[in-house]
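This report describes the surroundings of selected residues in a protein model. Please read it alongside the sequence and the structure shown here.

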Amino acid sequence: MIKMEYRNKIPILLLMILCVLLSGRFSSDAGAQETANVVTKSGTDHGYEMIEGFELIQPVPDMVPFGEGEHLVFAIQYGLIYAGDATLEVRSDAELNGRKAYHLVSIARTNKTFDVVYKVRDRHESYMDMENLYTLRFEKHLREGKFRRDKVVDFDQYNHLAIYPDEEVGIPPNTQDFISALYYIRTIPLEPGQAIWMPNHSDGKNYPIFVKVLRREQVEVQAGKFDCLVIEPVLETSAIFENTGKLTIWLTDDNVRMPVLMRSKVAVGSFEAVLREFTVAPDRPIILETEGSSR
């Protein structure tokens with residue numbers, strides 16, 4: 001084991017988005033202003049115009065670099081302003097309907113200074129099937145000022161359904177939620193110039209995502225200096241949103257593929273989730289035996 005040392009009313013709360021990759025940015029519950037690069041389907045299939053110059057591939061997961069005990073702590077910053085903390089952790093293994101699952105938990109919280117203005121204590125949880133590496137359940141528990149929201153959705157991947165307490169929604173095969181998507185990206189080999197397409201579901205709707213691999217780059221954060229692959233998720237949607245920014249993620253270019261920096265550019269400046277300390281899972285990575293070139 002290694003250990004080292006929204007909402008559009010208040011823009012600082014965009015920081016809560018970064019710890020769960022895309023869930024807050026694309027969630028209608030939080031009422032946040034849309035800040036992602038958006039792909040529309042007008043005149044194209046799957047918005048391929050947004051990945052022009054990238055090779056679209058369907059890679060096979062080659063390893064699982066995370067597991068019980070992994071714990072990542074991020075400082076959330078707007079420029080030099082420290083606004084709060086976010087954690088990503090893999091808790092003890094779970095079992096849902098006879099399926100073994102990784103229990104993935106993201107917690108975001110403002111610090112004492114920002115608590116006075118707008119206190120945030122958000123928790124998102126995902127249960128990711130150990131064998132197939134797709135989501136089985138997603139939970140959100142939002143505590144933002146006086147706002148409260150709890151939502152749970154179960155994913156029936158066999159019948160291709162997202163099951164809510166009051167409705168069922170059809171989903172594509174191998175659908176991810178917005179936490180499991182980040183962990184899934186860590187299981188596949190990546191090279192600059194490639195793009196990966198992933199089916200995602202949130203808040204009753206399917207939001208497929210392209211992930212573009214931009215370049216290799218060395219980055220220094222509070223937790224240390226790392227050689228990284230830089231990726232950019234691009235949302236595909238049939239709706240038209242204002243394109244005001246983008247999310248960029250730095251993953252270590254090694255067999256851990258750990259996120260060390262997440263940056264969301266907005267109209268003025270950018271918000272960052274900067275890795276402050278981390279504990280990796282023991283006995284990882286698990287190398288997978290794969291056949292073929294697609295899932």
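Apart from neighbours within four places in sequence, Thr187 makes contact with Pro61, Asp62, Met63, Pro65, Phe66, Leu133 and Arg257. The model in which these contacts occur is predicted. Thr187 itself belongs to the loop that runs between helix H3 (180-185) and strand S13 (194-198). Thr187 counts as buried because its relative accessibility is 0%, and the cut-off for buried is under 20%.

Four aromatic pairs are counted in the model. In one of them, the ring centres of Phe66 and Tyr183 are 5.0 Å apart and the ring planes stand at 80°, so this pair is classed as edge-to-face. Phe66 is located in the loop between strand S4 (63-64) and strand S5 (71-78), whereas Tyr183 is in helix H3; the pair therefore ties together parts that lie 117 residues apart in sequence. Together with Tyr102, Phe66 and Tyr183 make up one aromatic cluster.

The table lists the relative accessibility of three residues discussed above.

| Residue | Relative accessibility | Class |
|---|---|---|
| Thr187 | 0% | buried |
| Phe66 | 0% | buried |
| Tyr183 | 1% | buried |

A further arrangement involves a charged side chain and a ring. Arg137 is placed over the face of Tyr127, and the distance to the ring centre is 6.0 Å.

Methods: Residues are numbered from 1 along each chain as its sequence is written. This is a predicted model: local features need pLDDT of at least 70, side-chain atom pairs count only at pLDDT 80 or more; totals for chains, interfaces and linings use all residues. Side-chain values use heavy atoms; hydrogens and water are left out. Helices (H or I, at least four residues) and strands (E, at least two) are DSSP runs, numbered from the N terminus. Buried means under 20% relative accessible area, exposed over 50%, partly exposed in between (1.4 Å probe, protein chains only). Contact means heavy atoms within 4.5 Å. Rings of Phe, Tyr and Trp (its six-membered ring) pair if their centres lie within 6.5 Å; planes under 30 degrees apart count as stacked, over 60 as edge-to-face and the rest as tilted. A charge sits over a ring if NZ of Lys or CZ of Arg is within 6 Å of the ring centre and within 35 degrees of the ring normal.
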